[in-house]
Amino acid sequence: MLRLGIIGCGRVTTMFHLKAIEASGVVELVSISDKGEGQLAEVKGATGVGHACGDYHELLARSDVEAVAINTPPRFHEEMTLEALKMGKHVLCEKPLAQTVGGCERIKNAMGGLIVLPAHNYVYTPALYKMEEIIKQGTIGKVESVKLNFENNLGFYGSKTDFRTKDPKGIVEDVMPHILSVAGVVAGRPSKVLNVSGKCRKYDVCDNLQADIETVSGAKLDCTASWTRTIPTFAVAIKGEKGGITSDFAINPYSYTVESEGAKKRTSERGIDWYLDLAQFKHPSFPEQYRHLNKLVHEGGEPRITVDDEIAMLAVMNELGDRIVPGVK
């Protein structure tokens, strides 16, 4: 079992991480930390965890914590990750790992054999594993382009903090990691921003973004990010030389459709009972992410997302943020 401490008891913890920890079957929650007494009490009451504290340094000092999940706003990620590494803890950190490329490089240099896993849950989606396998088999030929639409409703999320809507680049930090991490699995790391545009439809900052990006393999990414869609979607459409694959990781993460040699076939690894999980925000990628972390810590192996992957994504994200802010209306 992975002995875990959680730093940050806000919405991402209560809505996703606690359910994932329970479902993973490989994690023992031993300590939690949050500056907010109410949030700390809520999670302590929900989990029955034996130790809770307001100062995360107290959590890091505990010998029974071998790994931490850092679920705080992005501006704290770099400092907290470096502090955790200093105390000999493995780290799962919510996206982005740091706000600058330099921050990620400092984390990389401080790892010293410890695991730092940037938290990009959608790369653990069941359908994506299948799509990756199909691409490797050559069924659709070389990937030429990927269309990725990640659209949700920020108001429905019910965040306990407002850091997203206070930051002109908030949508880039919040949504683009989902898009770029999945694209990295099927088309390679992002390398160049070709075009970007954005709009303010509901919030005072950019809440809808469109970007064209090129990857290291030469594939083109057509990316759409939104905070204002009523029904969430994460639609992925991969176009190869000989065919294509589509899926929607938000609506049905077990289903995908392959088109090749004039034939189209839809496969679903799970039936309609999945929708009961959907209603309870139990996406299968979250517990699988914890299983992956546990395996890395106790058995070794290659991380599905590396700090170098994060550096490549962050370089593109920083350019997107710099280019989108002046043009938003």
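Residues are called buried when their relative accessible area is under 20%. By that cut-off, F16 and F286 are both buried in this predicted model. Their rings form a stacked aromatic pair, with 4.9 Å centre to centre and 10° between the planes. The pair links distant parts of the chain. F16 belongs to helix 1 (residues 11–24) and F286 to helix 11 (residues 285–299), 270 residues apart. The whole structure holds nine aromatic pairs.

A further aromatic pair joins Y122 and F150. The geometry here is edge-to-face, at 5.7 Å centre to centre and 80° between the planes. Y122 sits in the loop between strand 6 (116–119) and helix 6 (126–136), while F150 sits in strand 7 (residues 143–153), so the contact ties together parts 28 residues apart in sequence. Y122 has 12% relative accessibility and therefore counts as buried. F150 is also buried, with a relative accessible area of 6%. Y122 and F150 form one aromatic cluster with F234 and F249.

F234 also features in the largest nonpolar core, which has 104 residues. Within this core, L148, M176, L209 and F234 touch the most other members. Helix 9 (residues 170–187) supplies the largest share, eleven residues. Leaving aside residues up to four places away in sequence, L148 touches I179, V182, A183, L221, D222, C223, T224, F234, A235 and V236. In soluble globular proteins, nonpolar side chains tend to be buried together.

I231, I251, I272, Y275 and L278 make a nonpolar surface patch of about 470 Å². I251 lies in the loop between strand 12 (243–248) and strand 13 (252–260). Its relative accessibility is 32%, so I251 counts as partly exposed.

Packing around helix 4 (residues 77–86) was examined next. Its buried residues are H77, E78, M80, T81, A84 and L85. They pack against strand 1 (2–7), helix 3 (56–60), strand 4 (67–70), strand 5 (90–94), helix 5 and strand 6. Just after helix 4, G88 adopts a positive phi of about 80°. I115 occupies the loop between helix 5 (101–110) and strand 6. I115 is buried, at 14% relative accessible area. Beyond residues up to four places away in sequence, I115 touches H90, V91, L293, L296 and V297. The C-alpha atoms of I115 and L293 are 8.2 Å apart, although the two residues are separated by 178 residues in sequence.

Salt bridges number 17. In one of them, E132 meets R304, with the closest N and O atoms 3.0 Å apart. E132 lies in helix 6 and R304 in the loop between helix 11 and helix 12 (307–327), so this bridge ties together parts 172 residues apart in sequence. Both E132 and R304 are buried.

E144 and K239 form another salt bridge, again with a closest N and O distance of 3.0 Å. E144 is in strand 7 and K239 in strand 11 (residues 228–240), so parts 95 residues apart in sequence are tied together. Both partners are partly exposed: E144 has a relative accessible area of 35%, and K239 has 45%.

R164 and D174 meet in a salt bridge of 3.2 Å, N to O. R164 lies in helix 8 (residues 163–166) and D174 in helix 9, ten residues apart. R164 is buried at 12% relative accessibility, and D174 is buried at 13%. Through shared partners, salt bridges join K95, R164 and D174 into one network.

Conventions
Residues are numbered from 1 along each chain as its sequence is written. This is a predicted model: local features need pLDDT of at least 70, side-chain atom pairs count only at pLDDT 80 or more; totals for chains, interfaces and linings use all residues. Side-chain values use heavy atoms; hydrogens and water are left out. A nonpolar core is a set of buried Ala, Val, Leu, Ile, Met, Phe, Trp, Tyr and Cys residues joined through side-chain atoms within 4.5 Å. Buried means under 20% relative accessible area, exposed over 50%, partly exposed in between (1.4 Å probe, protein chains only). Helices (H or I, at least four residues) and strands (E, at least two) are DSSP runs, numbered from the N terminus. Contact means heavy atoms within 4.5 Å. Patches are made of residues with over 30% relative accessible area and no salt bridge: like charges are joined within 9 Å, nonpolar side chains (Val, Leu, Ile, Met, Phe, Trp, Tyr) within 5 Å. Accessible areas come from the Shrake-Rupley method with a 1.4 Å probe; for residues, only the protein chains shown count as cover. A salt bridge is a side-chain nitrogen of Lys or Arg within 4 Å of a carboxyl oxygen of Asp or Glu. Rings of Phe, Tyr and Trp (its six-membered ring) pair if their centres lie within 6.5 Å; planes under 30 degrees apart count as stacked, over 60 as edge-to-face and the rest as tilted.
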